[in-house]
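Please read the following report alongside the sequence and the model.

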Amino acid sequence: MSRNTASPDPRLRDAMGLVLLACLPGLATSFWLLGWGLLWSLGLCAFTAACCEAAALALRKQPVTAALSDGSALVTAVLLALALPTAAPWWLPMIAAGIAIGLGKQAFGGAGRNVFNPAMVGYAFVLLSFPLQMNHWPAQAPGFSDSLQLVFANGEQIDAWAGPTVLDGLRHNHSLTIDELFASHPGFGNFGGHGVEWVNLAFLSGGLFLLQRKVFSWHAPAGLLAGLFLFSLLAWNGSGSDSNGSPLLHLLSGSTMLAAFFIATEPVSGPKTDVARLLFGLSAGALIYLIRTWGSYPDGTAFAILLMNLAVPFLDRLALRYRQVRP
């Protein structure tokens with residue numbers, strides 16, 4: 001076996017380390033908002049991801065320790081834990097992480113070969129398979145013992161803690177104006193989702209750190225934010241009861257900044273040229289808005305990213321043609 005096979009790529013390991021470091025502000029703010037359930041979800045996702053990665057590598061007779069040390073499985077686990085409801089039963093994050101690593105990553109040959117974003121594969125699978133559990137977020141951060149009971153007692157008390165998110169409230173509103181929603185709905189904060197606006201700002205700071213360290217280029221995140229902003233601006237009809245929300249509300253609600261800087265920038269399943277990355281981000285942002293507003297799910301990040309993963313070969317060819325015809 002060659003030396004390259006036995007040891008992880010140091011560039012990949014360094015990049016994954018920086019991504020994990022950049023996630024810390026968002027993790028800390030999410031913990032403040034959601035409570036201990038986030039840590040249980042993170043632990044379950046990380047444990048399952050490592051076990052599935054090790055099992056798949058062992059079956060393919062590849063070095064387990066070296067491949068696990070590159071940090072890519074842990075990054076997938078962190079992104080999943082941040083996206084999954086923290087009041088969901090213990091088996092849901094384990095299934096999501098197992099699908100993410102087994103089907104989203106190792107089924108295509110492991111690190112550097114996945115066609116789809118692994119974390120979004122796992123998230124989409126549990127969202128389609130277990131919609132009831134995936135639509136329950138705690139209305140308030142449960143304490144230590146309450147979170148243990150919620151997560152590890154088969155979700156028997158989820159309904160007592162569940163609360164609607166800002167995007168749920170916006171979708172199902174038929175009578176209140178936007179101003180009235182902000183004044184009366186528990187899911188609304190100052191500009192976006194209650195508390196979630198601070199989580200988005202925390203992930204924005206982490207994303208800017210990664211941009212400064214040149215872990216990825218600006219094209220995909222800027223494109224996603226621009227696409228979401230443009231479509232929400234064009235469709236914004238003020239603060240009436242039929243309003244779909246302002247551009248600022250959409251930018252500071254749901255998983256917007258996490259999607260822009262930590263999901264759309266995944267290098268393997270994304271485009272390989274700057275022009276294609278910009279188109280990828282613009283299209284993903286537009287799809288997120290369309291799914292949020294007229295689709296069946298309140299936040300369309302996973303489906304938007306997976307659909308755009310399918311379009312990557314076309315975008316790369318389009319960008320190549322653009323470079324050939326450009327004077």
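## The largest nonpolar core

In this predicted model, the largest nonpolar core holds 66 residues, and those touching the most other members are Leu80, Leu84, Met120, Tyr123, Leu224 and Phe262. Helix α5 gives the most to this core, contributing nine residues.

Met120, one of the residues with the most contacts to other core members, touches Ile263, Thr301, Ala302, Ile305 and Leu306 when residues up to four places away in sequence are not counted.

## Packing of α5 against α7

Two packed helices are described by the angle between their axes and by the distance between those axes. For α5 (residues 72-83) and α7 (residues 118-129), the angle is about 35 degrees and the axes are 9 Å apart, and α5 passes α7 in a right-handed crossing.

On the α5 side the contact is made by Thr76, Leu79, Leu80 and Ala83, which meet Pro118, Ala119, Gly122 and Tyr123 of α7. The residues of this contact comprise six nonpolar and two polar ones, with no charged residue. Leu80 and Tyr123, which take part in this helix contact, are also among the residues that touch the most other members of the core.

## Ser232 in helix α14

Ser232 lies in helix α14, which spans residues 219-235, and is buried, because its relative accessible area is 0%. Its side chain reaches the backbone oxygen of Leu228 at 2.7 Å, while a polar atom of the Ser232 side chain lies 3.0 Å from the backbone oxygen of Phe229.

Leaving aside residues up to four places away in sequence, Ser232 touches Gly245, Pro247, His250 and Tyr289.

Terms used: Residues are numbered from 1 along each chain as its sequence is written. This is a predicted model: local features need pLDDT of at least 70, side-chain atom pairs count only at pLDDT 80 or more; totals for chains, interfaces and linings use all residues. Side-chain values use heavy atoms; hydrogens and water are left out. Helices (H or I, at least four residues) and strands (E, at least two) are DSSP runs, numbered from the N terminus. Buried means under 20% relative accessible area, exposed over 50%, partly exposed in between (1.4 Å probe, protein chains only). A polar contact is a pair of N or O atoms within 3.5 Å; within protein, one must be able to donate a hydrogen and the other to accept it, and residues adjacent in sequence count only if both atoms are side-chain atoms. Contact means heavy atoms within 4.5 Å. Axes are lines fitted to C-alpha atoms, for helices over the stretch in contact, and angles run from 0 to 180 degrees between N-to-C directions. A crossing is left-handed if the near helix is turned anticlockwise from the far one by less than a right angle, and right-handed if clockwise. Ala, Val, Leu, Ile, Met, Phe, Trp, Tyr, Cys and Pro count as nonpolar, Asp, Glu, Lys and Arg as charged, and the others, Gly among them, as polar. A nonpolar core is a set of buried Ala, Val, Leu, Ile, Met, Phe, Trp, Tyr and Cys residues joined through side-chain atoms within 4.5 Å.
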